[in-house]
Amino acid sequence: MNGTVDGFSYGVVTPVAAYVMACLGAALGLRCVARTIHYDEGRKAAWLALGAACLGCGIWTMHFIGMIGFQVEQTAITYNVPLTVLSLVVAIVVVSVGVFIVGYRGAAPVPLAAAGVVTGLGVAAMHYLGMAAMHLDGELHYSAPVVALSVLIAVGAATAALWAAVTIRGFLPSLGASLVMGVAVSGMHYTGMAAVSVHVHTGAGHTADGRTPTSLLLPMLIGPVVFLLVAAVIVMFDPVLMLGDGDWGRGDRAGGRGPSAPVEPSAFEPRSGDPSRPRAHRR
């Protein structure tokens, strides 16, 4: 028989919390990548890796917070631990591929499209790998058109995120982009969940192996959430990322002057826009 699926068993708590984590991961990832593109070439690979890890952890955390609210009325749900961990690894690895492509090649159409497709397909693979980690007394079935739509949303969201990472510069524009990315990533997740239907076994007691959502997902979420909070502290204490004016780290390349050493005009040159100021004369 068909099971009664409830994707919002805790009401708006899980989708709101999932959206917040997606936005946090996107915001941190965008700022880290922007640092290497616009402000400072130093430690480029390290900042790109941190940005990719933030994006990957944010996407994975959003997915499994959303999964806490997924229930089937007629059967309990458990999770396979190795597959759940593998889905986190997949999320970070595929996002890293896309981030490093645009980090070193920029937002040219071909590299951006390739990075967006690879990353989007990887994010979709993370989602459905996490779904495959579920064990229940029944079978999952998917609507192919809705699955295809979720994959397209994932590719579009990944491409938009990578484009934003290498083109959007200021703090407030990056914040706005992260809010939009949170909507896109959450939309991909819940579109994929809308493709699911469950056929529950009517025979006697099949017992699912694995861990229950609360016993597995909540402890596993602690690690990525702590990582994102630590990354947020790193970003907050980096003057380049917070000020975002592009002057930090450029002074040494511009004749040895630091960011606080303005260039004064020569006393023997007129100041532009000030015709009333007398010129100094050489003797």
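**Figure 1. The largest nonpolar core of the predicted model has 65 residues.** This is a predicted model, not an experimental one. Within the core, the residues with the most contacts are Trp60, Met67, Phe70, Tyr79, Val95 and Val99. Helix H2 supplies the largest share of this core, 14 residues. In soluble globular proteins, nonpolar side chains tend to be buried together. Across the chain of 283 residues, 44% count as buried.

**Figure 2. The chain comprises 8 helices and 6 strands.** Read from the N terminus, the order of elements is β-α-α-β-β-α-α-β-β-α-α-β-α-α. Take the contacts between residues at least 6 apart in sequence: 85% of them join residues at least 24 apart.

**Figure 3. Helix H2 crosses helix H4.** H2 spans residues 44-68 and H4 spans residues 109-132. Their axes come within 11 Å. The crossing angle is roughly 30 degrees, and the crossing is right-handed. On the H2 side, the contact is made by Ile59, Trp60, His63, Phe64 and Met67. On the H4 side, the partners are Val123, Met126, His127, Gly130 and Met131. Sorted by class, the contact of H2 with H4 holds 7 nonpolar residues, 3 polar residues and no charged ones.

**Figure 4. Met126 lies in helix H4.** The relative accessibility of Met126 is 0%, so this residue counts as buried. Setting aside neighbours within four places in sequence, Met126 is in contact with Ile59, Trp60, His63, Ser87, Val90 and Ala91. Of these partners, Ile59, Trp60 and His63 are H2 residues that meet H4. Leu83 is 43 residues from Met126 in sequence. In space, the two C-alpha atoms are 9.9 Å apart.

**Figure 5. Met193 lies in helix H6, residues 171-194.** Met193 has a relative accessible area of 11% and is therefore buried. Leaving out neighbours within four places in sequence, Met193 is in contact with Met67, Phe70, His127 and Met131. Met67 belongs to H2, while His127 and Met131 belong to H4, and these three take part in the meeting of H2 and H4. Val146 is 47 residues from Met193 along the chain, with a C-alpha separation of 9.1 Å.

**Figure 6. Ala114 is a partly exposed residue of helix H4.** Its relative accessible area is 37%. Buried residues fall under 20% and exposed ones over 50%, so a value in between is partly exposed. Ala114 and Ile101 are 13 residues apart along the chain. Their C-alpha atoms are separated by 8.5 Å. Met126, also in H4, is buried at 0% relative accessibility.

**Figure 7. The count of disulfides is 0.** A disulfide is a covalent bond between the sulfur atoms of two cysteines. The cut-off for a pair of cysteine sulfur atoms is within 2.5 Å. For Cys57, the closest cysteine sulfur is that of Cys54. The separation is 7.2 Å, so the pair is too far apart for a bond. Cys57 counts as buried, with 6% relative accessibility. Cys23 is buried too, with a relative accessible area of 8%.

How values were computed: Residues are numbered from 1 along each chain as its sequence is written. This is a predicted model: local features need pLDDT of at least 70, side-chain atom pairs count only at pLDDT 80 or more; totals for chains, interfaces and linings use all residues. Side-chain values use heavy atoms; hydrogens and water are left out. Axes are lines fitted to C-alpha atoms, for helices over the stretch in contact, and angles run from 0 to 180 degrees between N-to-C directions. Helices (H or I, at least four residues) and strands (E, at least two) are DSSP runs, numbered from the N terminus. A crossing is left-handed if the near helix is turned anticlockwise from the far one by less than a right angle, and right-handed if clockwise. Contact means heavy atoms within 4.5 Å. Ala, Val, Leu, Ile, Met, Phe, Trp, Tyr, Cys and Pro count as nonpolar, Asp, Glu, Lys and Arg as charged, and the others, Gly among them, as polar. A nonpolar core is a set of buried Ala, Val, Leu, Ile, Met, Phe, Trp, Tyr and Cys residues joined through side-chain atoms within 4.5 Å. Buried means under 20% relative accessible area, exposed over 50%, partly exposed in between (1.4 Å probe, protein chains only).
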